[in-house]
Amino acid sequence: RAPAAVRSLLERVYTADSLAAALQRRAQLRAGESLITAAGEWIGRGWLRVNRGGDAHAGVIEREQRLKERREHCRLADARVAEIEQQLSGVRARVGDAEQHRERAHGRLQQLQRAHAELRGTVEALRSRVEHAEDRRERIDSERAVLRSDVAHTEEGLARSRETHAAAGESLGRLERQRAAFEQQRERQRSAIAEARSSAQAAQLAVRDALVRLTAQRASEASMSAALERLRQQHDELRSQRVELQRTLAQADAPINDLEQALQGHLARRLQADNELAGARRALEQHEQQLRALEEQRLQAERRVEDARGALEQERLTAQELRLRREGLLEQFAATHCELEAVLAGLAADAQLAASEQRLQSLRADLERLGAVNLAAIDELAEHTERKSYLDRQFADVNDALQTLEQAMRKIDKETRTRFEDTFNRINAGLKEKFPRLFGGGHAYLELIGEDPLSAGVTVMARPPGKRNSSISQLSGGEKALTAVALVFAIFDLNPAPFCLLDEVDAPLDEQNIGRFCDIVRDMSSRIQFLFITHSRLTMELASQLVGVTMSEAGVSRLVSVDIDEAVRLAAV
């Protein structure tokens, strides 16, 4: 810019940024044209003028230009400083609000974490209680099955015992009705025994008279001594049985008294026979002629005596058996609380002993097949019934508790399913929004694998722009990293943490993808504090503070930290 006279002088003078640029353009100059630099170098086609420093006006244009630039730079810096100070005050205010909000959110988060821990503990306790209740219910079911089988067996045995008892009572009644006939038969047998004893006694007297006259009477005496010894043994047995017979059968006293009287008579006659033995020896020679006849009579008498003795022994055994049976029947009557008279009155008139005996043997065989009868079955049944009632009440309580737990579990599952679906939808929406920003297009979404949301898996479906991949495994390392970053940032939007640590996330990315990554990190840094490890220059420019490790000397490392905001402020000053 200059007056017209000056412009006419300067119209062929051109400017150049530096001496090197002027020298490059030198060959293009025409006649009368020249180039001048800001440093004062003036170049023509065949000449060059250089400022040697002696001229006071040398470099005036350059200095003036620099002054203008510095003034403009200072003005812009002051405006920038004022703007930054305003932004800084606003940022500080927002930081204070964010700090308060973070404190409130942190407190709320701690409360939610405690509530979550309590709910988790409650769920675990409920699950353990459910498992314990299930085990207890299984044990109770097994015990109930055992008790039911025991009760069924007990009831079946009790029913059979009752039937057997009723049949035995009926048989016992019939047997008691027959007892009178048996008593009469026993009296007749006793009279026959008495007659046999009298005949035996007469035969024994005749034998003894004959033996007095015989030299072989000693053998007879020995046999009589053995018989007396047997009688003494029988006497001892009868004496031991007399107490029991007196206690149970009053009717059995007469045979015992007869036997005792007969025994006393035998003893008296034995003494008398001993006294007569001496006289009989003196008269032995007189009776030798009668020996053979008497011997025959003796043999016949001995046979009768043996028969009578066998019949007596048989009758004694029969009486003993009847007495034992009577005692057993009386004990059974006492155990069953039945009246003998009532049973005798209930016997049929045509009752037969043989049929009753056969029936009794059949019943005994049935009882033996049944085994020992548990007389305490009724008490045990009452006890088991009481325990069954107690277990039924406990089983009902357990079922009620199980129903309550199932309702609580269904409620928890419903709430969990609702929250999961809401969380899944929100994360899916965040992934759909952040994936195109990181990739500059394309689309991605989450997909459930399974019908039940609580047990289904989650698949990430991602398709960068220009690709038609069928699975995420077909993506490159950088694309996988960006997809993972999009998913992580979507989760952070849903549940933001106080800070986020990124360890060389941008390592597999190119500059264009790193730029988009830095843009989304810059947007989210207003809500989340990012700590990242990186070797990328573009990512470092995003940071407000830099911390690095340098090795100024071999084997000596030290930390170097730079506050970017402070460095900018110092540079502005």
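What share of the contacts in the protein chain between residues at least 6 apart in sequence join residues at least 24 apart? With contact meaning heavy atoms within 4.5 Å, the share is 56%.

**View 1. Overview of the protein chain in the predicted model.** The chain comes to 13 helices and 10 strands, helices being DSSP runs of H or I of at least four residues and strands runs of E of at least two, numbered from the N terminus. Of its 573 residues, 23% count as buried, that is, under 20% relative accessible area, with exposed meaning over 50% and partly exposed in between (1.4 Å probe, protein chains only). Residues are numbered from 1 along each chain as its sequence is written, and side-chain values use heavy atoms, leaving out hydrogens and water. Because this is a predicted model, local features need pLDDT of at least 70 and side-chain atom pairs count only at pLDDT 80 or more, whereas totals for chains, interfaces and linings use all residues.

**View 2. Helix α9 (residues 377-439) against helix α10 (residues 477-494).** The two axes, which are lines fitted to C-alpha atoms over the stretch in contact, with angles from 0 to 180 degrees between N-to-C directions, come within 8 Å and cross at roughly 135 degrees. That makes α9 oblique to α10, since angles under 35 degrees count as roughly parallel, over 145 as roughly antiparallel, 65 to 115 as roughly perpendicular and the rest as oblique. Among the contacting residues are Ile427, Leu431 and Phe435 of α9 and Leu482, Ala486 and Phe489 of α10. The residues of this contact divide into 13 nonpolar, 3 polar and 4 charged, where Ala, Val, Leu, Ile, Met, Phe, Trp, Tyr, Cys and Pro count as nonpolar, Asp, Glu, Lys and Arg as charged, and the others, Gly among them, as polar.

**View 3. The buried residues of α10 and their surroundings.** Buried residues of this helix include Gly478, Ala481, Val485 and Phe492, and the buried residues pack against α9, β6 (457-463), β7 (499-503), α11 (511-524) and β8 (529-533).

**View 4. Helices α10 and α11.** Their axes come within 12 Å and cross at roughly 5 degrees, and the two helices are therefore roughly parallel to each other. Leu482, Val485, Phe489, Phe492 and Asp493 in α10 meet Asn513, Phe517, Ile520, Val521 and Met524 in α11, a contact with 8 nonpolar, 1 polar and 1 charged residues.

**View 5. Glu504 in the loop between β7 and α11.** Although Glu504 is not a glycine, it has a positive phi of about 50 degrees. At 35% relative accessibility, Glu504 counts as partly exposed.
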